[in-house]
Amino acid sequence: MAEEKKYKYSIIIPTYNERLNIALIVYLIFKHLRDVDFEIIVVDDGSPDGTQEIVKQLQNLYGEDRVLLRARAKKLGLGTAYIHGLKHASGDFVVIMDADLSHHPKYLPSFIKKQLETNASIVTGTRYVKGGGVHGWNLMRKLTSRGANVLAQTLLWPGVSDLTGSFRLYKKSVLEDVISSCVSKGYVFQMEMIVRATRKGYHIEEVPITFVDRVFGTSKLGGSEIVEYLKGLVYLLLTT
Amino acid sequence: MKHVVKILSLVVAVSAFWITLLQAAIVPQSHTWLLPIYFVVSLGCYGLLMVGVGIMQFPTCPQEAVLLNHDIAEAKEFLSTNGIDIGTY
């Protein structure tokens, strides 16, 4: 019987003040990826709440080769956090996900499976198809999300249903290539990554994911966010 | 080719078609003049329709919040019995 090639997966998780969530998410990753060769790279931006101490305890429990702490001195932004994590990634594939449990590790096997089945360069999680979903959004939030999505689809033809999602699996070389040409910040950065990948002709597949928004009460979508989004759309329209 | 070039080519092609229609006068010119407005309005209506349909069909998953709470409880138990100091959060 031929030996199946075993791939290694590097999971990059940027953190800032995620002392409890990082422990929970590491536990859940280990729970759901039992027979997979992987490493978790925590890129912490100098959290004052002791996130790094918790990561060190997790290293004692799970091994320093499985849980890597690659911290930075202060908040330096998401894009650079991925670049920083990438430098230390030894896997064939890189997964990026949020630390706050809005991305559930139980979907990791489906990302891996989809990639192996289709040999895709990128597998992106989508909240907007059947099988996926969101919990914790009120009508206003859904309206802005849907409106933003329709606008982006019309203008950019991005080839994916969820543009701002940040739960993705990349072939390592593909992530290195795409990230080097992206300059935006925040969630526009996530959009830029996937649009540039589409323009470069990379094979992108989607898997449904569910997204539980636990940040109740804080409105993350004000007028300035909407302006930023529109500016991002125009920027992507003109430069990709 | 940049995406915006693709879109502009489309706009040019459609405009050329529109101008030809105007010149050829197969359709009464008064109607032809209004075509761009009809087009923009239809596009706007289509967009609003897509937004409305999207909101109605927006997939939600309240059961996921419940499952997540179970997972969190399970994780907390495991972590505290294995020496991870998760404190009182």
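This note comments on a helix pair within chain A and on the interface of chain A with chain B, in a predicted model.

1. The helix pair. In chain A, helix α3 spans residues 78-87 and helix α6 spans residues 172-180. The two pack with their axes 11 Å apart, at an angle of about 140°. Angles over 145 degrees would count as roughly antiparallel; α3(A) and α6(A) are therefore oblique to each other. The crossing in which α3(A) passes α6(A) is left-handed.

2. Residues at the helix contact. From α3(A), the contact draws on A:G79, A:Y82, A:I83 and A:L86. The side of α6(A) contributes A:K172, A:L175, A:E176 and A:I179.

3. Extent of the interface. Chain B touches chain A through 33 residues, which are in contact with 43 residues of chain A. Between them the two chains bury about 3,400 Å², and 73% of that area lies on carbon and sulfur atoms. Of the area that chain B buries against chain A, B:H3, B:F58 and B:L68 supply 19%, more than any other three residues.

4. Charged pairs across the interface. How many salt bridges does the rule find between chain B and chain A? There are three across this interface. A salt bridge also joins the side chains of B:E74 and A:K31, with a distance of 3.0 Å from N to O.

Key. Residues are numbered from 1 along each chain as its sequence is written. Chains are lettered from A and ligands numbered from 1 in the order in which they are written. This is a predicted model: local features need pLDDT of at least 70, side-chain atom pairs count only at pLDDT 80 or more; totals for chains, interfaces and linings use all residues. Side-chain values use heavy atoms; hydrogens and water are left out. Axes are lines fitted to C-alpha atoms, for helices over the stretch in contact, and angles run from 0 to 180 degrees between N-to-C directions. Helices (H or I, at least four residues) and strands (E, at least two) are DSSP runs, numbered from the N terminus. Angles under 35 degrees count as roughly parallel, over 145 as roughly antiparallel, 65 to 115 as roughly perpendicular and the rest as oblique. A crossing is left-handed if the near helix is turned anticlockwise from the far one by less than a right angle, and right-handed if clockwise. Contact means heavy atoms within 4.5 Å. Buried area is the accessible area (1.4 Å probe) that two parts lose on being put together, summed over both. A salt bridge is a side-chain nitrogen of Lys or Arg within 4 Å of a carboxyl oxygen of Asp or Glu.
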